[in-house]
Each structure stands twice: as C-alpha cells, then as structure tokens.
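User: I am new to this structure. Please take a close look at one part of it for me.

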Amino acid sequence: MAQAIVLASQGEYSAKPNPCVGCVIVHNNQVVGQGWHRKAGEPHAEVHALAEAAEKARGATAYVTLEPCSHHGRTPPCANALLDAGVARVVVAMQDPNPLVSGQGVARLREAGIDVSVGLLQQQAEALNKAFCHKMICGQPLVIGKVAMSLDAKTAMASGESQWITGAESRQDVHRLRARSDLILTGIATVLADDPRLTARDGLAGLQVQPARIAVLDSQLKMPLDAAMFSAGVEVTVLTTRTHDEKAQALNDVGCQVVVLPSDDQGRVDLLAVKEWLGRQAINSVMLEAGAVLNGALLKVGLLDELVVYMAPSVLGVDARSAFDIEGIDRLADKVELALLTVDVLGQDIKLKYKIKRES
C-alpha cells in the first residue's frame with residue numbers, strides 16, 4: 001500500500017480535480033502490475049495496473065489507495081474491471097468521501113465474493129487527497145491563503161515594492177502550490193499594483209501544469225484589457241457587481257469571462273456570494289494570492305481554511321504594508337485563531353502552515 005501511495009502522489013499536479021490514486025497488484029508475493037491516475041478523463045489507476053498484470057491478475061491481491069469507483073463517469077467503473085480481471089482480494093486505503101457513492105464500490109466487490117479490507121494507511125491516503133476530501137464532505141473547495149512576509153508581518157514597502165521579500169526556495173515552493181491548485185483567487189488591487197501572471201513556472205522540474213482558472217474580484221471592472229494574465233494560457237474570470245457594461249464586453253472580447261455577483265453594503269462583491277460561486281465550480285482547491293485588504297476580509301468572514309506563511313529573516317518597519325487589514329478587532333476575544341500544522345525551513349525562510357480555527 002505504501003508503494004501504491006507513492007504511485008498516487010505522481011498525480012498530485014496532473015490528476016486534478018480528480019483524486020490522486022495508485023494501485024499495486026500482487027500475485028504470489030510478487031508485484032505484477034502497478035499504475036496511477038494521470039489525468040481526469042483518462043484511465044484510472046486500477047486500469048493501468050490490470051493492463052500491466054494481464055493474466056497474472058487472476059487470483060491476485062489489488063492494493064488501491066481509494067475505493068474503486070462503481071459508477072460510470074468519463075471512464076467505466078473500476079470495481080467492474082477488478083471483477084472482470086478475476087482478482088481474489090482488494091485492500092483499500094480509504095473509502096470514497098463522496099457521500100453519494102461512498103461504500104458502493106466496496107459493496108459491489110463483496111457482493112461478488114471478493115475479500116475486501118479497508119483502512120490500511122488511511123491517514124496517508126487522506127492527506128494526499130486533502131482538498132478532494134474537503135470538497136466531497138463540505139461541498140466547498142479548500143481555500144488556502146498564501147502570504148510572503150517579513151518577520152514583522154510586512155508584505156511590501158509603503159511604495160509597493162515587494163520583490164523580493166522571500167528567497168528563491170520559497171518562491172519556487174509558491175509555484176508548486178499554484179500548480180497543485182485548481183483556481184487562483186486574487187483582487188483587482190493586486191492586478192493593478194503588480195500585473196501578475198499567477199501561473200506556475202519555477203522549480204517544477206519541467207512539469208507543465210497550471211491552475212485551471214484565475215479569478216479576480218473586481219467590483220468596478222477596473223481590469224486592464226492588456227493584463228499579463230490574459231497571455232498566460234489560463235482561463236481568467238472576473239467577479240464583479242456591474243451589469244450590461246461596455247467594459248464587460250471588452251473583457252469578453254479578450255477571452256475573459258465576466259460573472260456578475262451581488263454586492264455588499266459597501267458596493268463590493270459580496271464575499272458570501274463568492275463562496276457560493278466557488279462551491280458551484282468543478283474545483284477542489286483555491287489558492288488566495290492577494291493584498292492585505294482581501295486577505296483580511298476573507299480571514300474575518302471565515303472563507304479561508306488554511307494559511308501558508310513564508311517568513312523571511314528581515315524587518316521592514318512600521319511604514320511597510322501589513323499582511324492583513326482587518327477592522328473591528330478591539331479585544332483579544334475577537335482575534336482570529338490559528339492552529340499550527342507544519343513548519344519547514346526553505347533556504348533562509350521559514351514556511352508555516354496553519355489551519356484556521358472555527359467556532360464550534
């Protein structure tokens with residue numbers, strides 16, 4: 001199963017929004033077939049492993065990191081493929097977290113007389129598919145905020161200068177985080193200040209994988225028609241409050257989708273409407289790359305699930321720009337609490353990963 005999980009991890013960039021799945025088939029204590037799910041719409045891990053095993057799959061044991069599917073999607077059910085191949089035993093790391101299908105693949109195999117075990121290295125398999133599990137259970141994508149800052153929590157100088165606060169190792173890790181994400185969310189202030197592409201480029205060892213979409217919160221449609229992200233080869237969506245606008249048509253003409261959402265009491269795009277829109281998309285993970293205002297707003301209303309902080313060994317001073325602009329916190333009791341998940345050292349920087357605590 002550990003080998004199957006290693007195989008599954010090869011799809012962490014390319015399989016999205018499908019889960020990462022690996023499969024190892026063993027006959028007479030010998031590995032006779034192995035496979036992993038490479039890309040949505042292509043054969044699943046079990047199919048690759050069964051093809052390699054061929055006739056040796058009959059009477060064998062299949063180790064699969066995720067419950068074999070039992071429904072027809074873009075590919076046939078993997079449970080049927082295992083039955084047709086004549087495997088005698090199936091060991092599953094984790095059940096499918098989708099409440100509409102969970103347990104059905106295992107039930108089909110057991111009904112056919114297959115010996116099925118569930119739960120071997122379950123935590124490792126769930127960690128590999130954290131965003132997928134979150135979407136299936138909560139109905140919302142996992143939203144991860146990213147902040148690169150100094151030791152005194154500053155993200156840029158007062159002039160806006162920010163390149164580069166963190167070192168090369170941190171910047172490469174950000175590109176890997178982008179490549180694993182389905183959607184990059186930002187605000188118009190970041191676009192106007194930095195004109196970013198928000199694509200994955202550095203440190204990926206030649207892996208040509210990008211987020212499926214970039215979404216920009218832009219209530220007044222200030223989006224430049226020549227923004228760099230329009231030439232990055234990634235679908236761009238602008239979330240706005242303005243309707244029947246000539247600018248919207250101009251953005252459509254350059255290939256940008258414009259989505260009109262309700263406004264809040266200050267005329268900005270309502271963040272709860274943004275949450276609902278994200279939940280309707282075929283995505284599992286969102287990476288927030290924005291400035292202090294949007295970072296603070298999403299954190300305050302509870303739309304962030306995790307926070308990744310890249311902290312550089314520097315101090316920028318009181319006049320520099322802060323990482324979070326949050327109003328209305330006057331007492332310690334009102335603070336936003338975080339739970340530390342991991343700590344890593346990247347060159348001279350420290351990478352801190354937090355879970356946002358929710359009120360029970």
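Is Glu289 buried or exposed, and what is its relative accessible area?

Analyst: A note before the answer: this is a predicted model. Glu289 is buried, and its relative accessible area is 6%. Its side chain meets that of Lys146 in a salt bridge, at 3.2 Å from N to O. The two partners come from distant parts of the chain, 143 residues apart. Lys146 sits in strand β6 (residues 142–149). Glu289 sits in the loop between β12 (285–288) and α11 (292–301). Lys146 counts as buried too, because its relative accessibility is 15% and the cut-off for buried is under 20%.

Glu235 lies in strand β10 (residues 235–240) and Arg213 in strand β9 (residues 213–217), so the pair ties together parts 22 residues apart in sequence. Arg213 is buried at 17% relative accessible area, whereas Glu235 is partly exposed at 39%.

Another pair lies within one helix. Asp173 forms a salt bridge with Arg176, with the closest N and O atoms 3.4 Å apart. Both residues are in helix α7 (residues 168–180); they are three residues apart, so about one helical turn separates them. Asp173 is buried, with a relative accessible area of 8%. Arg176 is partly exposed, at 22%.

Salt bridges also form a network here. It links Lys130, Glu306 and Lys353.

Key: Residues numbered from 1 in each chain as written. Predicted model: local features only at pLDDT ≥ 70, side-chain atom pairs only at ≥ 80, totals over all residues. Heavy atoms only, no water. Salt bridge = Lys/Arg side-chain N within 4 Å of Asp/Glu carboxyl O. Helix = DSSP H or I, 4+ residues; strand = E, 2+ residues; numbered from the N terminus. Buried < 20%, exposed > 50% of the residue type's maximum accessible area, 1.4 Å probe, protein only.
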